[in-house]
Amino acid sequence: MDQVRYIRSLFAREDEVLRSIEGGLAERKMPQISVPPETGKTLYLLAKICSARRILEIGALGGYSTIWLARALPPGGRLISLELKEEHASFARENANRAGVGKQVEFRVGDATELLAALENEGASFDFVFIDADKERYVDYLERSIRLARTGAVICADNALRGGRVCDESDRRPSTEAIRRFNEALSRDPRLESMLVPVGDGLAVARVR
Ligand code: SAM
């Protein structure tokens, strides 16, 4: 058994709903790019450790990470998930309902930049933010997330390693360059304390000072 399977078998077991999402995405010809179980469990634990009551997610797809995060909420807690595509949000909503967290989760459909601006106008504030959408805009999402986060909030972002490509200087793909810029911004921002955790495809974790 390899290390990842070993970790999954002990620490990141999926229930029937979580297990079904990958197949559901394939049937609908949607991308199968949900976070892996070990990232889902890490997000769940971080949200619990910081007693998050208000969670923001950027990029829902089929709701796989949404469900892990929503399960960390206390009674009365809320999660808002922003998703560009109506068909993704509708599948995610279906899965959140099946997982028993539908009442705590609100999916907002549209471009994340606009939806984040609307949240700012509403005066929203979050204890935990998970960024997992278009990589080219991660730096902008980070800035907007910091504005929406309370002191002590946790901000996470997936794909911070891009399969190791961020370390390969010859890789000049726009998405790789964008993640490099994001990692540099995260590591240097005086408003944050941060770490890149090598779980899944690399989970960037920051605490807002
Ligand atoms: N977090 C999900 C999970 O682990 O289950 C996976 C999210 S997937 C990697 C990225 C999602 O972001 C896709 O569903 C995509 O449609 C959405 N997305 C891409 N660009 C976006 C944008 N500009 N605004 C909002 N959502 C966007």
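This is a predicted model: local features need pLDDT of at least 70, side-chain atom pairs count only at pLDDT 80 or more; totals for chains, interfaces and linings use all residues.
User: What pLDDT does the chain average?

Analyst: The average is 98, and 100% of the residues score at least 70; pLDDT is the predictor's confidence in each residue, from 0 to 100. For the complex, the predictor gives an ipTM of 0.99 and a pTM of 0.98.

User: Nice. How many helices and strands are there?

Analyst: The protein chain has 8 helices and 7 strands. Helices (H or I, at least four residues) and strands (E, at least two) are DSSP runs, numbered from the N terminus.

User: On to the ligand: which residues are the closest to it?

Analyst: Gly59, Tyr64, Ser65, Leu84 and Ala112 are the closest of the 19 residues that surround the ligand. To be near a molecule or strand, a residue needs its C-beta atom, placed from the backbone, within 6 Å of it. Helix 4 (64-70) and strand 2 (78-83) are the elements that give two or more residues to this shell.

User: What's the shell like by class?

Analyst: It has 9 nonpolar, 5 polar and 5 charged residues. Here Ala, Val, Leu, Ile, Met, Phe, Trp, Tyr, Cys and Pro count as nonpolar, Asp, Glu, Lys and Arg as charged, and the others, Gly among them, as polar.

User: Let's look at Ser65. Is it buried or exposed?

Analyst: Ser65, which is found in helix 4, counts as buried because it has 25 C-beta neighbours inside 10 Å. The cut-offs are 20 or more other C-beta atoms within 10 Å for buried, 12 or fewer for exposed, and partly exposed in between, with C-beta atoms placed from the backbone.

User: And what does Ser65 touch?

Analyst: Not counting residues up to four places away in sequence, Ser65 touches Ser34, Val35, Gly40, Leu43, Glu57, Phe130 and Asp132. A contact needs C-beta atoms, placed from the backbone, within 7 Å.

User: Switching topic, which residues have the most contacts inside the largest nonpolar core?

Analyst: Those are Ile55, Leu69, Val129, Ile131, Ile155 and Cys156, in a core of 61 residues. Strand 5 (residues 149-158) gives the largest share, 6 residues. A nonpolar core is a set of buried Ala, Val, Leu, Ile, Met, Phe, Trp, Tyr and Cys residues joined through C-beta atoms within 7 Å. Beyond its neighbours within four places in sequence, Val129 is in contact with residues including Leu56, Leu148 and Ile155.

User: Last one: where is Leu61, and what is its phi near?

Analyst: Leu61 is in the loop between strand 1 and helix 4, and its phi is near 50°, a positive value in a residue other than glycine. Most residues other than glycine have a negative phi. Ser51 also has a phi near 50°, and lies in the loop between helix 3 (37-49) and strand 1 (54-58). Leu61 counts as buried, with 25 C-beta neighbours inside 10 Å, while Ser51 is partly exposed, with 13 other C-beta atoms within 10 Å.

Notes
Residues are numbered from 1 along each chain as its sequence is written. Two residues are in contact if their C-beta atoms, placed from the backbone, lie within 7 Å.
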